Amino acid sequence: MRLRTRMFLVAGVAGLAVSCKGFDASRLGGAALERTGLASKRAEENCKKLEVDPTVEEEYAIGSAMAINWVQRGGGLLHGDGADALHRYLNIVGKNLAAQSARPTLEWTFGVIDDTKSFNAVSAPGGYVFVTRKLLANLENEGQLAGVLAHEISHVVLKHTIEKYNSSKVSLCKTAMITDALVPGSGQLVAGGKDGHLDLDGDPALLGNAAESTLNYFDKGNNKEQEFKADQMAIELMLSAGYDPEDYRRLIAKTTEDTVQPNHPSKTERVKKMVAFLDTLRAKKEDAFAGLSTEGVHSPPLKQPEYAIIRPAPAGVAKDGAK
């Protein structure tokens with residue numbers, strides 16, 4: 001195992017996630033089995049130290065590594081004439097929504113992945129949010145764009161991927177302690193970090209390993225409750241920014257489910273929950289003061305020429321999208 005790992009490292013792999021899958025303890029002798037049991041118990045106790053939210057610096061590090069991975073998977077960031085204008089537009093809309101959230105001071109970054117096959121959006125710790133070109137090509141107005149971005153912002157605010165990162169840290173720590181494997185950055189891991197925190201910027205090998213492990217958890221998808229909570233917060237952010245959340249509901253209702261991850265709720269479940277939440281908000285309109293109101297919201301068109309690289313404006317449509 002050690003030789004094989006060194007060969008990978010020489011080949012330029014920054015991090016190698018070592019898995020315990022397939023490890024058969026029954027093949028060990030009695031003394032070895034007892035030692036493994038003790039190691040497992042020590043690992044369980046020691047690795048729990050890592051079950052804490054990361055520092056902001058640690059969050060930016062793991063988030064940026066995940067962001068680079070997604071951009072590479074999707075064929076790179078959108079480029080060409082008009083790409084800069086679209087990215088600026090996306091960041092204006094996204095940062096306005098993020099400013100309404102409980103984490104307005106993150107260095108929010110919004111980008112377009114040049115992927116024409118996947119109708120998708122993703123977000124990573126630290127405020128990295130990406131949407132695919134195909135998704136943008138299917139939006140009808142700025143309200144739907146706001147809904148997509150607000151949903152991903154909500155995952156960051158609710159720290160759903162950080163939960164996956166914490167799970168990956170504990171898993172890597174246990175692997176390093178139980179199997180005595182050469183896990184990159186194992187020194188920090190088995191020590192429980194510094195008060196549970198890891199210096200990822202100072203250890204590129206550990207960063208690569210942690211990012212790979214976290215992405216494995218991420219690719220399994222969020223669970224239903226996480227998606228429902230992100231939808232609900234997205235509605236709140238949209239209302240705070242003046243958008244009509246019905247635009248987002250209509251977008252979810254019309255999407256296909258061929259790329260939905262196994263743990264995701266169906267679009268029917270999501271729409272039902274969204275309608276119920278909106279009904280709850282509307283029922284509060286007679287209160288003396290309602291923190292969120294569905295009155296006076298709007299559905300602005302997609303701005304032109306900023307959106308032209310995705311879909312040129314029809315004849316007679318002005319720069320602001322109005323006819």
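Reader: Is Trp 108 buried or exposed?

Author: This is a predicted model, in which local features need pLDDT of at least 70 and side-chain atom pairs count only at pLDDT 80 or more, while totals for chains, interfaces and linings use all residues. Residues are numbered from 1 along each chain as its sequence is written, and side-chain values use heavy atoms, with hydrogens and water left out. Buried means under 20% relative accessible area, exposed over 50%, and partly exposed in between, with a 1.4 Å probe and protein chains only. Trp 108 has a relative accessible area of 4%, so Trp 108 is buried.

Reader: How confident is the predictor, as mean pLDDT of the protein chain?

Author: pLDDT is the predictor's confidence in each residue, from 0 to 100. In the protein chain, 79% of residues reach 70 or more, and the mean pLDDT is 84. Over residues 1–36, however, the pLDDT is below 50.

Reader: Which helices and strand do the buried residues of H9 pack against?

Author: Helices (H or I, at least four residues) and strands (E, at least two) are DSSP runs, numbered from the N terminus. The buried residues of H9 include Leu 206, Ala 210 and Phe 218. They pack against helix H3 (56–73), strand S2 (121–124), helix H7 (160–179) and helix H8 (186–190).

Reader: Why is the pair of Trp 70 and Phe 218 called tilted?

Author: Rings of Phe, Tyr and Trp (its six-membered ring) pair if their centres lie within 6.5 Å; planes under 30 degrees apart count as stacked, over 60 as edge-to-face and the rest as tilted. By this rule there are three aromatic pairs. The ring centres of Trp 70 and Phe 218 are 4.9 Å apart and the planes are at 55°, so the pair is tilted.

Reader: How many residues apart are Trp 70 and Phe 218?

Author: Trp 70 is buried at 6% relative accessible area, and Phe 218 is buried at 11%. The pair links distant parts of the chain, with Trp 70 in helix H3 and Phe 218 in helix H9, 148 residues apart.

Reader: What is the relative accessibility of Asp 195?

Author: Asp 195 is in the loop between H8 and H9. Asp 195 is not a glycine, yet has a positive phi of about 60°. Asp 195 counts as exposed because its relative accessibility is 68%.

Reader: Where is Pro 305?

Author: The peptide bond from Gln 304 to Pro 305 is cis, with omega near 10°. Pro 305 lies in the segment after helix H12 (267–283).

Key. Contact = heavy atoms within 4.5 Å.
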